[in-house]
Amino acid sequence: CGVMTKPKKRRWLRFLGVGCVTVMLVVLGLAGWIALQVRAMNRPVVLDGVHPFKSAAKRDRYLANYDARAARWPVPAKEVLVDTSWGQTFVRISGPEDGPVLVLLPGANGTSLMWEPNVAAWSEDYRVFAVDNVFDFGRSVYVRNMTTPEDFIDWLDELLGRMALEEDVNLLGLSYGGWIAGQYGLAHPERLSRLVLVAPAATVAWFSGDFITKGILCLIPHPHFTKSMVRWALHDAAEGTPEERRMVEEAEENAWLGLRSFKLKQMVHPTVLTDEEWRSFRVPVLFLVGENEVIYSITGAEAVARINRVAPKIETELFPGCGHDLSLVQADRFNKRVLEFLQPRP
């Protein structure tokens, strides 16, 4: 009685065959879609009436969300658009006009608004310049594609020059912004006073397989993939206090709206610094990372251990109970550690 009859077996095989063909078609369709998106990323810049957005409607929707978040910026701010040969860069400036300078570079798909939990503490004494990276989401407008690390170095050097920030700049970057900050610190130490690298993209180790896979899946036009990647990267904050969960939800929405609203572009792939490059920094450097960091192919503790081994002059600190969200989950400790590092030394 346990033997399958021939008609039932044929029906089962037919069902299995149809299922396999359907799965293959879905996979091929997704692969084709992703290939088209990658191709679109490398198109020349078209400076039409809605650039860098796809349409006026998508521009208005994104900026309405952006401005609603900006209204909660916790301290008074001056907003400026700075012209560079790479395009207009939006900068949000807070703190005393005569205070020492602190320039902040956000992570990829982030904006100046990601520093909401930190700017009040830092702007008490520092003149804080929170930047929307020119080749990313936010209110900056690029006019040509960036294709090399040197392009970012050139843009940031122009930006600082146009704002008359010629020297004694404290530069802090997180994730992709941390990678840019590290590249700039190697190229132009004469402009900097101190450099803070917060879980910089690559820089200390290659990306993890999970990070790469989830990043590719974000090209699929469904909010699940984009929002789940943000939640994965900020997993400790996503399970934290109501305020931390609000910030994660806003980061998810910003990433999803940004991908749907802005023209696609190929970002420059971050690089890993060699041991010699880590030793060659000519300004004081602070490296911060959470113990639960997920973007690297090594743990946060291993990242700290590598820097301590190859460049012991660099200050490092491993933050417990957090990962890529250390500026949210450990905001008080993070703010104080940065201020402590920036203080002039005898």
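**Exercise 1. Work out whether alanine 164 is buried or exposed, and say where it sits.**

Step 1: Alanine 164 has 59% relative accessibility, so it counts as exposed.
Step 2: Find its place in the chain: alanine 164 lies in the loop between helix 4 and strand 6 (169-174). Helices (H or I, at least four residues) and strands (E, at least two) are DSSP runs, numbered from the N terminus.
Step 3: Check the backbone: alanine 164 isn't a glycine, yet its phi is positive, about 60 degrees.

A quick word on the ground rules. This is a predicted model, where local features need pLDDT of at least 70, side-chain atom pairs count only at pLDDT 80 or more, and totals for chains, interfaces and linings use all residues. Residues are numbered from 1 along each chain as its sequence is written, and side-chain values use heavy atoms, with hydrogens and water left out.

**Exercise 2. Describe how helix 4 and helix 5 pack.**

Step 1: Know what to look for: two packed helices are described by the angle between their axes and the distance between the axes.
Step 2: Helix 4 (residues 149-162) and helix 5 (residues 176-187) pack at about 80 degrees, and their axes are 9 Å apart. Here axes are lines fitted to C-alpha atoms, for helices over the stretch in contact, and angles run from 0 to 180 degrees between N-to-C directions.
Step 3: List who touches whom: helix 4 brings Pro149, Phe152, Ile153, Leu156, Asp157 and Leu160, while helix 5 brings Tyr176, Trp179, Ile180, Gln183, Tyr184 and Ala187. Contact means heavy atoms within 4.5 Å.

**Exercise 3. Which side chain of opposite charge is nearest to aspartate 136?**

Step 1: Locate aspartate 136 in the loop between strand 4 (127-131) and strand 5 (141-142).
Step 2: Sort the charges: Lys and Arg count as positive, Asp and Glu as negative, while His and the chain ends are not counted.
Step 3: The nearest side chain of opposite charge is lysine 265, at 5.2 Å.
Step 4: Apply the rule: a salt bridge is a side-chain nitrogen of Lys or Arg within 4 Å of a carboxyl oxygen of Asp or Glu. Aspartate 136 is buried yet has no salt bridge.
Step 5: Leaving aside neighbours within four places in sequence, aspartate 136 is in contact with Gly107, Ala108, Asn109, Gly110, Phe262, Lys265 and Met267.

**Exercise 4. How many salt bridges are there? Look at some of them in detail.**

Step 1: The rule gives 20 salt bridges.
Step 2: One of them joins arginine 92 to glutamate 79, with the closest N and O atoms 2.9 Å apart. Arginine 92 is in strand 2 (residues 87-94) and glutamate 79 in strand 1 (residues 78-84), so the pair ties together parts 13 residues apart in sequence. Arginine 92 is buried, at 2% relative accessible area.
Step 3: Next, arginine 246 and glutamate 250 meet in a salt bridge (3.0 Å, N to O). They're four residues apart in helix 9 (residues 242-261), so about one helical turn separates them. Both arginine 246 and glutamate 250 are buried.
Step 4: Now take arginine 337 and glutamate 340, whose closest N and O atoms are 3.0 Å apart in a salt bridge. Shared partners link salt bridges into one network of Arg69, Arg72, Glu116, Glu243, Arg246 and Glu250.

**Exercise 5. Where is the cis peptide bond that involves proline 52?**

Step 1: The bond joins histidine 51 and proline 52, with omega about 5 degrees.
Step 2: Proline 52 is placed in the loop between helix 1 and helix 2.

How values were computed. Buried < 20%, exposed > 50% of the residue type's maximum accessible area, 1.4 Å probe, protein only.
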